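Open the structure in your viewer and keep the sequence beside it.

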Amino acid sequence: MTINDESDILAEGDLLLLIDSKDRRYLLTLESGKQFHSHSGYVAHDEVIGSRSGITVKSTGGLEYLALRPTMADVILKMPRSAQIIYPKDIGPIIIAADIAPSHRILESGVGSGALSIALLRSGANVTGIELREDFAQRARKNVETFYGIESINERYNVLLGNEYEGLEGSGYDRIVLDLPEPWKVIDHIPGTLKQDGIIVTYLPSITQVAKLTERLSKGGFAMTETREILSRTWHIEGQSVRPDHRMVAHTGFITSSRYLGT
């Protein structure tokens with residue numbers, strides 16, 4: 001029998017996912033004395049604090065919820081956002097395309113609501129973000145701090161205000177990840193910012209944007225440029241009823257990666 005240690009206990013300040021019988025999901029932060037309210041009464045946070053993930057709790061109106069620690073994907077899909085997020089189905093391939101490793105120094109431009117920042121930090125990287133809008137920068141920082149805690153990422157995550165089309169901050173980055181509408185305008189700033197043999201990855205919604213970026217990359221200094229699109233389809237499996245789900249997450253964006261060979 002496996003004995004769980006004290007780190008498995010849900011504590012005040014932890015994120016919690018409540019799931020009802022219809023698979024509706026609710027993300028909340030546990031706070032002593034607070035309550036989660038729904039159409040069927042409420043669940044007291046104190047009822048969950050001190051318990052282990054995976055318990056079933058019942059609202060005052062009799063509705064049962066499965067109470068779990070959320071996964072990173074759960075948090076990304078449910079967290080507050082100021083801008084459209086990069087979805088989990090694309091975040092994984094972006095991490096692989098950029099070949100992110102622990103202690104890599106990453107420059108992320110266009111941090112949005114912080115979804116990709118959370119994943120990059122989970123991979124062990126040190127992330128510097130550049131964001132044009134202060135409200136987006138504040139939202140990204142808040143979401144990252146809520147997921148990790150301020151102290152655990154204070155030295156590994158920083159968001160700077162700036163216009164990446166006019167210039168990039170810092171030098172000697174191992175990887176650059178861009179979620180911008182016109183990433184080709186950033187390419188001239190790569191020398192001195194990205195290490196030789198480093199990787200740049202972009203995320204774009206339109207193939208015409210990808211074509212313009214690829215043309216710019218082909219003019220020198222880059223090699224092994226690849227573009228991929230990720231389609232995700234779940235399946236319904238219940239007894240003898242086995243079929244694809246009627247809905248699928250099809251096109252969301254194109255992921256382009258390229259190796260920087262230097263000037």
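Begin at the second largest pocket, which holds about 220 Å³ of space. (On a 1 Å grid over the protein atoms alone, a pocket is an open set of points where a 1.4 Å probe fits, with protein on both sides within 12 Å along at least five of seven lines; lining residues have an atom within 4 Å of a point.) This is a predicted model: local features need pLDDT of at least 70, side-chain atom pairs count only at pLDDT 80 or more, and totals for chains, interfaces and linings use all residues. Residues are numbered from 1 along each chain as its sequence is written, and side-chain values use heavy atoms, without hydrogens and water.

Select the lining, which includes Gly13, Asp14, Arg69, Arg122 and Tyr148. Helix α4 (residues 134-148) contributes the most, with three residues.

Move to the largest pocket, with a volume of about 330 Å³. Of its 21 lining residues, Gly110, Gly112, Glu131, Phe136 and Asp179 are the closest to the centre.

On the surface, select Trp235, Ile237 and Val242: together they form a nonpolar patch with about 340 Å² of accessible area. (Patch residues have over 30% relative accessible area and no salt bridge, and nonpolar side chains are joined within 5 Å; a salt bridge is a side-chain nitrogen of Lys or Arg within 4 Å of a carboxyl oxygen of Asp or Glu; areas are Shrake-Rupley values with a 1.4 Å probe.)

Finish with Tyr26 and Tyr65, an edge-to-face aromatic pair at 6.3 Å centre to centre and 80° between the planes. (Ring centres pair within 6.5 Å, and planes over 60 degrees apart count as edge-to-face.) Tyr26 is in strand β2 (residues 25-29) and Tyr65 in strand β6 (residues 64-68), so the pair ties together parts 39 residues apart in sequence. (Helices are DSSP runs of H or I with at least four residues, strands runs of E with at least two.)

Methods. Grid points are joined across faces, edges and corners, and a volume is the space filled by probe spheres set on the points. Patches are made of residues with over 30% relative accessible area and no salt bridge: like charges are joined within 9 Å, nonpolar side chains (Val, Leu, Ile, Met, Phe, Trp, Tyr) within 5 Å. Rings of Phe, Tyr and Trp (its six-membered ring) pair if their centres lie within 6.5 Å; planes under 30 degrees apart count as stacked, over 60 as edge-to-face and the rest as tilted.
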